[in-house]
Amino acid sequence: MMLTIREATPEDIDLIHGFILALADYERLSHEVRTDKAVLAKHLFGPRPMAEVLIAELDGAAVAFALFFHNFSTFEGRPGIYLEDLFVAPEARGQGVGKALLVRLAQLAVERDCARLEWWVLDWNTPAIEFYTSLGARPMDEWTVNRVDGDALLALASQETKHGG
């Protein structure tokens, strides 16, 4: 089988959206998906893209995607790559597709002078955790993820702050 990794184009928006829905189903989070194709297209391919997508193809058929963006480490003084989502279709698992996507992301990180490549993984996803560990990833157990979203985000954003003159 011929495996290729390519950058997504605007014509891939249906494919990307489909991968997101499949990932959400796998992670038991379908109820959390609020995006649609128009919102994705705006933020992935609009005037100011906020993220990038790689598509993996086996013999020309798209079987996986990785959506990522840059973050920044103040301690390193350099950017990093944050992998938001990686999904391999069930029929393509075990064929090196996920590893190929991670290798390409690592290459991009090195090419772009990034200090690191990082991502989250659900704590119940033992196969993924074992796979990532086999590639040299290490869990960052000493950190707690915090999030403000929805109504809490709107409430925080609407608070007035006191500024010194």
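The briefing below covers aromatic pairs, a surface patch and the contacts around one tyrosine.

This is a predicted model, in which local features need pLDDT of at least 70 and side-chain atom pairs count only at pLDDT 80 or more, while totals for chains, interfaces and linings use all residues. Residues are numbered from 1 along each chain as its sequence is written, and side-chain values use heavy atoms, with hydrogens and water left out.

**Aromatic pairs**

- A search of the whole structure finds seven aromatic pairs, where rings of Phe, Tyr and Trp (its six-membered ring) pair if their centres lie within 6.5 Å, and planes under 30 degrees apart count as stacked, over 60 as edge-to-face and the rest as tilted.
- Phe19 and Phe65 are a stacked pair, because their ring centres are 5.4 Å apart and their planes are at 5 degrees.
- Since Phe19 belongs to helix H1 and Phe65 to strand E3 (residues 61-73), this pair ties together parts that are 46 residues apart in sequence; helices (H or I, at least four residues) and strands (E, at least two) are DSSP runs, numbered from the N terminus.
- Phe19 is buried at 7% relative accessibility, and Phe65 is buried at 0%, where buried means under 20% relative accessible area, exposed over 50% and partly exposed in between (1.4 Å probe, protein chains only).
- The rings of Phe69 and Tyr82 form a tilted pair, because their centres are 5.3 Å apart and their planes are at 40 degrees.
- That pair links Phe69 in strand E3 with Tyr82 in strand E4 (residues 78-88), 13 residues apart; Phe69 is partly exposed at 27%, whereas Tyr82 is buried at 11%.
- Phe19, Phe65 and Phe87 form one aromatic cluster.

**Tyr26 and its surroundings**

- Tyr26 is placed in helix H1 (residues 13-26) and is partly exposed, because its relative accessibility is 33%.
- Arg93 lies over the face of Tyr26, at 4.9 Å from the ring centre; a charge sits over a ring if NZ of Lys or CZ of Arg is within 6 Å of the ring centre and within 35 degrees of the ring normal.
- The side chains of Asn125 and Tyr26 are joined by a polar contact of 3.4 Å, and Asn125, in the loop between strand E5 (117-119) and helix H4 (126-134), is buried at 7% relative accessibility. A polar contact is a pair of N or O atoms within 3.5 Å; within protein, one must be able to donate a hydrogen and the other to accept it, and residues adjacent in sequence count only if both atoms are side-chain atoms.

**Charge over Trp124**

- The charged end of Arg28 sits over the ring of Trp124, 4.1 Å from its centre.
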